Amino acid sequence: MKETHNMRHSTLRFTGIITLLVLLLLPSGAAASVSPCIAYAYTESGSHLFLVGDNSSNFGNELNVRSNCENLSLYVNGEFKARSSNGNIFFKLNNSLQNITLATDNGEFNQTYSNVNFYPDRLQWEGEWFKFNNLDIVLIDAAKAEIQENWASFLSVIIAWILSTYVYWNLINSYVQKNFIEEVVQ
């Protein structure tokens, strides 16, 4: 009888330990924390990105807004301009000094960027800058510039080959002159 009691006691102890381990390994009932709402805006010019901030100057013709918020709205100078439910907004800009506000409907996120100056895309702006300043700069088209680059590359290779051949020729010639004696027979 004592053996059966010890066997039941060890079975109960084993079952209790297994149950305790299973309960500890189960995920807790607490809900996973929700990530905070984050949104940012930027403009693009060529391969450069300009982050929008207070008192910033940005190049580009389009404002890009990225966010993980639901129902994000874009306000420019206090006027509603766009809304997105997926967090991405693309908005064509006027090139001037503006105040940009990004806000959610539920008030979870509200950010205002004041005195943001937007300039036209760099390439467009550069051409207009030449016109505004009456510079007598002659611009060539891209195809002609590419042809000139190709010729410059080709001629650089030819010149490098000629110079290296000349240097090696002189080194070999001086080695031969120093190390090999010619005998003159009469």
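Predicted model: local features only at pLDDT ≥ 70, side-chain atom pairs only at ≥ 80, totals over all residues.
**Entry 1: Q98**

I began with Q98, which is buried at a relative accessible area of 5%; buried means under 20%, exposed over 50% and partly exposed in between, with a 1.4 Å probe and protein chains only. Residues are numbered from 1 along each chain as its sequence is written, and side-chain values use heavy atoms, with hydrogens and water left out.

I found Q98 in strand β8, residues 97-104. Strands are DSSP runs of E with at least two residues, numbered from the N terminus.

Which residues does Q98 touch, not counting those up to four places away in sequence? I listed V76, N77, L93, Y113, S114, N115, V116 and F118, where contact means heavy atoms within 4.5 Å.

Then I looked at polar atoms. The side chain of Q98 makes a polar contact with the side chain of S96 at 3.1 Å. A polar atom of the Q98 side chain also lies 2.7 Å from the backbone oxygen of N94. A polar contact is a pair of N or O atoms within 3.5 Å; within protein, one must be able to donate a hydrogen and the other to accept it, and residues adjacent in sequence count only if both atoms are side-chain atoms.

**Entry 2: the sheet**

I traced an open sheet of four strands in the order β2-β1-β4-β7, with antiparallel pairing. Two strands pair if DSSP finds at least two bridges between them. β2 (48-51) and β7 (88-92) stand at the edges with a single partner strand each, so one side of each has no neighbour in the sheet.

I checked β1 (residues 39-45) against β4 (residues 62-67) and got five bridges in the antiparallel sense. Y42 stands opposite N64 in β4.

**Entry 3: aromatic rings**

How many aromatic pairs does a search of the whole structure find? I got five. Rings of Phe, Tyr and Trp (its six-membered ring) pair if their centres lie within 6.5 Å; planes under 30 degrees apart count as stacked, over 60 as edge-to-face and the rest as tilted.

Y40 and Y42 are stacked, 6.2 Å centre to centre with 25° between the planes. Y40 is partly exposed at 40% relative accessibility, while Y42 is buried at 11%.

Y75 and F80 pair edge-to-face, at 5.7 Å and 70°. I noted Y75 as partly exposed at 25% and F80 as partly exposed at 42%.

Last, I wrote down one aromatic cluster formed by F50, F59 and Y119.
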